[in-house]
Amino acid sequence: MHTILIVEDDDKIASMLKEHMEKYEYRAHIAEQFDDIKKEFIKFRPHLVLLDINLPRFDGFYWCRQIRTISLCPIIFISARSHEMNQIMAIENGGDDYITKPFNLDLVMAKIKSLLRRTYGSYAAPMHPHVYEVSGLYFLYDQHMAQWKDKTIELTKKEFILLERLAKKVEKIVSREELLESLWDDAEFVDDNTLSVNIARVRKKLQQIGIEQAIETVRGVGYKLIKTWEG
């Protein structure tokens with residue numbers, strides 16, 4: 001069953017869309033956190049997004065760009081703005097299609113079905129990177145990347161695993177033994193200094209995106225990820 005995220009602040013329109021989609025056996029979710037649509041996207045992991053332009057705080061163009069940093073999921077803009085320039089901006093900001101309000105529900109469904117067929121058909125490539133988030137720090141599993149605000153760092157596979165293990169237990173100590181076992185199949189024969197070198201590399205890369213002193217060394221025990229980036 002395909003999941004669709006509806007980003008529409010008009011409750012009546014959002015409910016109407018949700019009800020109609022569910023008749024066609026789609027799983028539909030209405031966004032609630034308009035101050036963080038990116039987080040809503042990660043929460044529901046939709047196959048397609050219906051996105052209004054006029055939204056509280058940031059407009060749909062902004063949120064489309066944010067979603068595009070972590071996913072190629074199809075995005076259809078729905079808006080009362082009928083000027084061609086808005087349609088051009090929608091495409092330039094990463095949108096796949098544009099529907100003008102007031103719209104015909106059957107037209108909306110036809111466009112949704114068409115995009116889902118093209119995107120998730122038998123020969124389509126996977127479009128959903130596995131994403132994990134901790135207080136605005138995003139982990140993009142398929143790309144071995146971490147993102148904070150508008151900055152992104154590329155990590156080696158081992159660096160990514162190391163940072164992800166610490167993030168999964170944020171603010172808690174992760175033992176050196178646990179980290180070694182996560183990184184190497186036979187941790188018994190790995191030089192202990194090798195872990196320290198990888199920790200140093202991850203620290204340096206986090207600094208590149210503005211996160212300072214996030215990994216704390218607990219001498220004789222292990223390491224701990226501190227959410228220094230929250231402030």
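At 64% relative accessibility, Arg-57 counts as exposed (exposed means over 50% relative accessible area, buried under 20%, and partly exposed in between, with a 1.4 Å probe and protein chains only). The structure here is a predicted model, in which local features need pLDDT of at least 70 and side-chain atom pairs count only at pLDDT 80 or more, while totals for chains, interfaces and linings use all residues. Residues are numbered from 1 along each chain as its sequence is written, and side-chain values use heavy atoms, leaving out hydrogens and water.

Arg-57 is found in the loop between strand 3 and helix 3, and its phi is near 70°, a positive value in a residue other than glycine. Helices (H or I, at least four residues) and strands (E, at least two) are DSSP runs, numbered from the N terminus. Lys-149 also has a positive phi, near 55°. Its place is the loop between strand 8 (145–148) and strand 9 (151–154), and at 59% relative accessibility Lys-149 counts as exposed. For context, most residues other than glycine have a negative phi, and most peptide bonds are trans.

## The chain as a whole

The protein chain has eight helices and twelve strands. Its C-alpha atoms fill a box of roughly 65 × 40 × 25 Å along the principal axes. Of the 231 residues, 46% count as buried.

The accessible surface comes to about 12,400 Å², and 47% of that belongs to carbon and sulfur atoms (areas come from the Shrake-Rupley method with a 1.4 Å probe; for residues, only the protein chains shown count as cover). Take the contacts between residues at least 6 apart in sequence: 58% of them join residues at least 24 apart. A contact here means heavy atoms within 4.5 Å.

## The parallel sheet and its helices

Five strands make an open sheet in the order 2-1-3-4-5, with parallel pairing; two strands pair if DSSP finds at least two bridges between them. Strand 2 (27–30) and strand 5 (97–100) are the edge strands, each pairing on one side only. From one strand to the next, the twist averages 20°. Angles run from 0 to 180 degrees between N-to-C directions, with axes fitted as lines to C-alpha atoms, for helices over the stretch in contact.

Within this sheet, strand 1 (residues 3–7) and strand 3 (residues 48–52) pair in the parallel sense over four bridges, and Ile-4 has Leu-48 in strand 3 as its bridge partner. Helix 1 (residues 11–23) packs on the sheet, touching strands 1, 2, 3 and 4 (75–79), and its direction makes about 170° with that of strand 2. Helix 3 (residues 60–68) packs on the sheet too, touching strand 3 and strand 4, at about 175° to the direction of strand 4.

Strand 11 (residues 215–218) and strand 12 (residues 222–225) run antiparallel and are joined by four bridges. Ile-215 is partnered by Leu-225 in strand 12. Three residues lie between the strands of this hairpin, where Gly-220 takes a positive phi near 80°.

Lys-101 is worth a stop on your tour. A cis peptide bond joins it to Pro-102, with omega about -10°, and Pro-102 is found in the loop between strand 5 and helix 5 (105–120). The side chains of Lys-101 and Glu-8 meet in a salt bridge (2.6 Å, N to O), defined as a side-chain nitrogen of Lys or Arg within 4 Å of a carboxyl oxygen of Asp or Glu. This pair links distant parts of the chain: Glu-8 sits in the loop between strand 1 and helix 1, 93 residues apart from Lys-101. Lys-101 counts as buried because its relative accessible area is 17%, and Glu-8 is buried at 2%.

Lys-101 also forms a salt bridge with Asp-52 (3.3 Å, N to O). Asp-52 lies in strand 3, 49 residues apart from Lys-101, and both residues are buried. Through shared partners, salt bridges join Glu-8, Asp-52 and Lys-101 into one network.

## Another salt bridge and a nonpolar patch

The salt-bridge count comes to ten. One of them pairs Glu-133 with Lys-39, the closest N and O atoms being 3.8 Å apart. Glu-133 is in strand 6 (residues 131–134) and Lys-39 in helix 2 (residues 37–44), 94 residues apart. Lys-39 is partly exposed, at 29% relative accessible area.

Met-85, Ile-88 and Met-89 make a nonpolar surface patch of about 250 Å². Patches are made of residues with over 30% relative accessible area and no salt bridge, joining like charges within 9 Å and nonpolar side chains (Val, Leu, Ile, Met, Phe, Trp, Tyr) within 5 Å. Met-85 lies in helix 4 (residues 84–92) and is partly exposed, with a relative accessible area of 44%.
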